[in-house]
Amino acid sequence: MTSQTIEQGLINATSAYEKEYGLAKNDPTLFWGEQAEKVDWFEPPKTILQNDEHGIERWFPDGVLNTCWLALDHHCENGRGDQTALIYDSPVTETKRSYSYEELCEQVSKVAGMLAERGVAKGDRVVIYMPMIPEAAMAMLACARIGAIHSVVFGGFAPSELAVRIEDAEPKAIITASCGIEINKILPYKPLVDKAIMDSRWKPETVVVVQREQCIAELNPDRDIDWHTHIAKAQPHACVPVLSTDPLYILYTSGTTGKPKGVVRDNGGHAVAMKYSMGAIYDMPQDGVFWAASDVGWVVGHSYIVYGPLIHGCTSILYEGKPVRTPDSGAFWRVCEEYKVDVLFSAPTAFRAIKKEDSDAQLLAQYDLSNLKTIYMAGERLDPPTLDWVTSKTDKPVIDHWWQTETGWAIASNPLGIEKMAVKAGSSTKPVPGYQVEVLNEIGDTLPPNQQGFVALKRPLPPGCLPTVWRNHDRFESGYLSQCPGYYVSGDGGYLDDDGYLFIMGRIDDVINVAGHRLSTGEMEEIVGGHPAVAECAVVGIHDDLKGQLPLGLVVLKDGAKVSDGELKDELVGKVRNEIGAVACFKQALVVDRLPKTRSGKILRRVIRQIADGEQYTVPSTIDDPGSLQEIEQALTESES
Ligand code: COA
Ligand code: AMP
């Protein structure tokens, strides 16, 4: 495209959004080059976009920086060291603590020093398995400081999930805490870490343990060290320069198989994307207070509890609690009032939980929310009843935005920092500048408006998105890129309407979202299918009013299996809980005589889900045995009664 046509396109653009979107689309190098200037590089990039040896676009390849520097030192250097960087609010331990940029930088430098003293260096991996305590954020930033690659594993995952990640990432060290604290229960973490290391072929040299007074963990003197004792004597470590394309972190996410995918995030593209998104999407002032009520184990926690707000210079809140029962369903509003939160970000399921317990919002009425500007939601589709409830009760703009672990930041949103657009219920609004969203059919043709298909992103992807899957580039190619050349296929289905609004309708693969947590039904099937009495099985995600989706297992027994249905269910529930974790919420398993299949043997999971959700369904013409569908309907009816 010539500069003349670009300019013509921009003149025709009628809105601020269209103008910015057009700039990013028509000249990504110019657009992102300008955005990169807002980041404090050690050596600014001369090259903005270049393909790597696999033909994958890489951003700012010759730029040199350090993400921890951007998040902490940069602000201290610029006279903002006294500003509050992090607020830890923990209703489960009744603790509140805050750290200025200066204090956080000092702590993180020492954690970095401690890791370096244990031999952790640039490029080494560090697995972080921690509850929502400030040390989790410090550990992440300390890794970034020395150029080590962190891989945070959500605390709700069981030892075998942790073991898989340890084997894949091969960490030199693991950082953990003695326990996590959930509503009314203390969950010792250290035995889970010990078990995961025992089960894993890879053994880390060091395990650093943050001892919490609620439960003191036993330390193995040959391997484990106490966080507090070692930090007290550690030498502060300076920021190590890294290349823009060097990995900052690996975050494992559920795919369609039992093996999670290690999404790789680079340093430079990520920093630029974080900085851009804090302004363009969240419209955050530099000294504002940002609260992502999520967990550091998920991508939302990485991007918007730790990196985004700190790189932007905001105050970020790290909340160790739930939206309800810690102590009540006014918890979110209490935090918003107490810290004068500007932007609150959580998953719709959190607000459904609040609505369930305080439907008239009586607790909300007790708090002053005058500071709160906007509420953002992601992790699952924002269902219109929840949108209505939150909007009417808070009287704030409620913004649904769509993204994935793979992208690290929103693909579609109402970009309030650029232009506030009308909200359409069920839509995450329009593609964010930098993302070119198209809806494709199965052979890769672009579909017209209002037709549902595969939601895909035309390449190049903007800065911040994954360049590969950790040590498995083929999986990146086959899982996302090869289906439609020139596109990244998201795994979500949906459509664009006549106004260009995007409607994400759900996953088109074996991934489900349970309480905003991404889980693989394929993995659950592998676990359920591994039970000695099970001949075959299908696990589907069915609708749940609170958690969005819940897994349902249908199992066919082996001939002669001697186990009652009740016993089998308990064993399967226990098995999934032990092998994935409580977070899977696998609690329903039904025994059926056969599974509905096509004549070629493919299980009709979509139809099973439709039956379970009470939706209308069409009997596929390729079905092998239509009677199997009635059997499932009957089994479900019996289980409900
Ligand atoms: N460590 C250990 N266990 C954990 C855990 C953690 N970090 N997080 C959750 N669990 C356990 C819970 O204790 C629970 O165990 P149980 O079956 O023994 O009771 C199980 O995992 C399921 O947890 P969850 O799905 O969170 O259910 P819940 O009933 O405790 O809470 C909500 C429901 C909706 C309140 C809660 O899921 C929530 O706040 N979600 C917000 C969504 C969110 O953070 N999304 C991230 C992306 S934005
Ligand atoms: P995760 O990688 O855990 O962030 O999960 C990403 C998946 O969650 C997406 O592929 C979607 O299926 C779903 N998701 C996230 N945000 C939204 C949203 N705003 N609307 C619909 N689905 C969403």
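I began with the record: UniProt, in an unreviewed entry, places "domain: AMP-dependent synthetase/ligase" at residues 78-460. UniProt positions follow the numbering used here, with feature names shortened, and the annotations may be inferred rather than shown by experiment. The model is predicted, so I note that local features need pLDDT of at least 70 and side-chain atom pairs pLDDT 80 or more, while totals for chains, interfaces and linings use all residues. Residues are numbered from 1 along each chain as its sequence is written, chains are lettered from A and ligands numbered from 1 in the order written, and side-chain values use heavy atoms, without hydrogens and water.

**Domain spans**

For residues 78-460 I find 30% helix and 24% strand, with the end C-alpha atoms 34 Å apart. Helices (H or I, at least four residues) and strands (E, at least two) are DSSP runs numbered from the N terminus. The unreviewed entry also lists "domain: Acetyl-coenzyme A synthetase N-terminal" at residues 17-69; that span is 42% helix and 15% strand, and its end C-alpha atoms lie 31 Å apart.

**Helix 12**

I next examined helix 12 (residues 331-338), in which six of the eight residues are buried. Buried means under 20% relative accessible area, exposed over 50%, and partly exposed in between (1.4 Å probe, protein chains only). The buried residues include Phe332, Trp333 and Arg334. Just after helix 12, Lys340 has a positive phi of about 50 degrees.

**Salt bridges**

In one of them Arg334 pairs with Asp89, the closest N and O atoms being 2.7 Å apart. Arg334 belongs to helix 12 and Asp89 to strand 4, so the pair ties together parts 245 residues apart in sequence. Both Arg334 and Asp89 are buried.

I also looked up Lys373 and Asp342, whose closest N and O atoms are 2.3 Å apart in their salt bridge. Asp342 is buried at 7% relative accessible area, whereas Lys373 is partly exposed at 42%.

A further salt bridge joins Arg609 to Glu615, with the closest N and O atoms 3.5 Å apart. Through shared partners, salt bridges link Asp89, Lys96, Arg334 and Glu338 into one network.

Notes. Salt bridge = Lys/Arg side-chain N within 4 Å of Asp/Glu carboxyl O.
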